[in-house]
Amino acid sequence: CRHSKDDNGESVAICFSKRAAGDFSKTNIKLKNYAKTSGKKIIIIGSGVAGLACARELHRFGHHVEIFEKHRSPGGMLNQGIPIFRLPRKIVDKEIQQILSLGIKIHLNKEINDHKELKNLSKKYDAVVLAIGTMSTNENNKDFTACEHVEDGLDFLLRTNEFGSSIVGKDVVVIGGGYTSMDCARTALRLGAKSVRTFYRRTRGDLVILPGELEELTKEHGVMKFNARPKKLIKDKGKLSGLQMIKTIISKNGSLNDIKGSEFNIKADMVIKALGFDPEDLPYLFDKKELQVTKWGTVKTDFDTMETNLKGVFAAGDIVRGASLVVWAIKDGRDVAESIDKLLKSKRKQDLKVA
């Protein structure tokens with residue numbers, strides 16, 4: 001916001017403005033279509049932010065839209081990731097129902113299991129949109145992955161938000177310095193954890209969180225520690241009893257290094273990893289020899305059209321960007337919808353010329 005520039009005061013509180021709009025809006029809005037029914041059919045895989053935004057716009061362009069969602073409710077991260085205390089579900093449900101009420105058909109508990117199934121869909125529908133998001137956690141240590149007392153941040157949020165699970169440790173340690181680490185820490189406190197400490201290997205200035213969120217964590221008796229990372233698990237009779245940490249330092253050239261001999265032990269019976277997230281494992285969707293992916297594991301798309309190297313298959317949201325913001329996912333959904341509409345209109349003109 002330009003209000004923060006040239007001595008123009010503080011930036012407008014966009015997040016709080018949007019929250020107020022959600023809290024006080026009483027009207028159901030039904031958007032008008034841009035065009036008449038086209039007779040074209042599009043399937044969207046995933047009903048997260050990108051998928052829903054794409055579905056809404058495609059419908060407004062006059063196309064028939066269906067969504068496959070592997071979970072029991074739509075919304076993606078809005079329902080399964082972001083905690084209720086940050087995003088009331090009544091607001092989310094209202095927004096989703098406004099989109100679905102346009103006439104968009106959604107199939108819940110419907111998962112695409114292999115690339116053959118998706119290839120068949122690409123033949124049945126005029127376009128396919130991949131909007132499956134990011135759910136695979138960046139791994140840092142195989143011992144951590146194998147321990148039953150270590151849980152991925154999104155898995156933790158999924159079971160608490162989607163399934164109402166209240167299982168939490170007494171001495172919880174959260175690893176990470178982003179939005180998910182804050183959500184996990186504050187959720188663990190609400191579930192009754194006696195102690196919740198969050199460790200981040202970098203400095204406070206490197207945190208990627210909302211303004212004021214660290215202060216809120218502190219008010220809720222959560223603890224944030226910087227320049228330290230986990231080194232190994234400490235177990236007692238097969239159960240997690242603690243973590244060995246090591247202090248870190250950032251060199252002048254920006255690289256992160258361990259400080260030799262700085263190891264220290266902390267008590268922990270549960271560790272939540274919030275280390276960033278990668279797109280879901282792609283082989284079950286496509287043979288990697290067919291679908292082009294980037295070196296970061298995201299789906300490679302044409303910069304202008306957001307179409308993958310597979311004809312008629314598009315991608316939107318975190319599966320293209322990696323873990324990102326909701327507003328970017330909305331933009332991607334709209335952009336893909338416009339791109340598909342242009343493609344289908346172009347095909348129709350060509351078909352009419354041939355006829």
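**Helix 7.** I looked up the burial of helix 7 (residues 153–161) in this predicted model. I found the helix mostly covered, with eight of its nine residues buried. I noted the buried positions as Gly-153, Leu-154, Phe-156, Leu-157, Leu-158, Arg-159, Thr-160 and Asn-161.

**Strand 14, faces.** I then turned to strand 14, which spans residues 270–273. In a regular strand the side chains alternate between the two faces of the sheet.

**Strand 14, partners.** Which strands are joined to strand 14 by bridges? I found that strand 6 (residues 150–152) runs parallel to strand 14 and is joined to it by three bridges. Within this pairing, Val-150 has Val-271 as its bridge partner. Strand 7 (residues 171–175) also runs parallel to strand 14, and here I noted four bridges. Ile-175 of that pairing is partnered with Lys-273.

Asn-109 sits in the loop between strand 3 (105–107) and helix 5 (115–124). Is Asn-109 buried or exposed? Asn-109 is exposed, because its relative accessible area is 57% and the cut-off for exposed is over 50%.

I located His-221 in the loop between helix 9 (213–219) and strand 9 (223–226). His-221 has 68% relative accessibility and therefore counts as exposed.

Definitions and conventions: Residues numbered from 1 in each chain as written. Predicted model: local features only at pLDDT ≥ 70, side-chain atom pairs only at ≥ 80, totals over all residues. Heavy atoms only, no water. Buried < 20%, exposed > 50% of the residue type's maximum accessible area, 1.4 Å probe, protein only. Helix = DSSP H or I, 4+ residues; strand = E, 2+ residues; numbered from the N terminus. Pairing = 2+ DSSP bridges.
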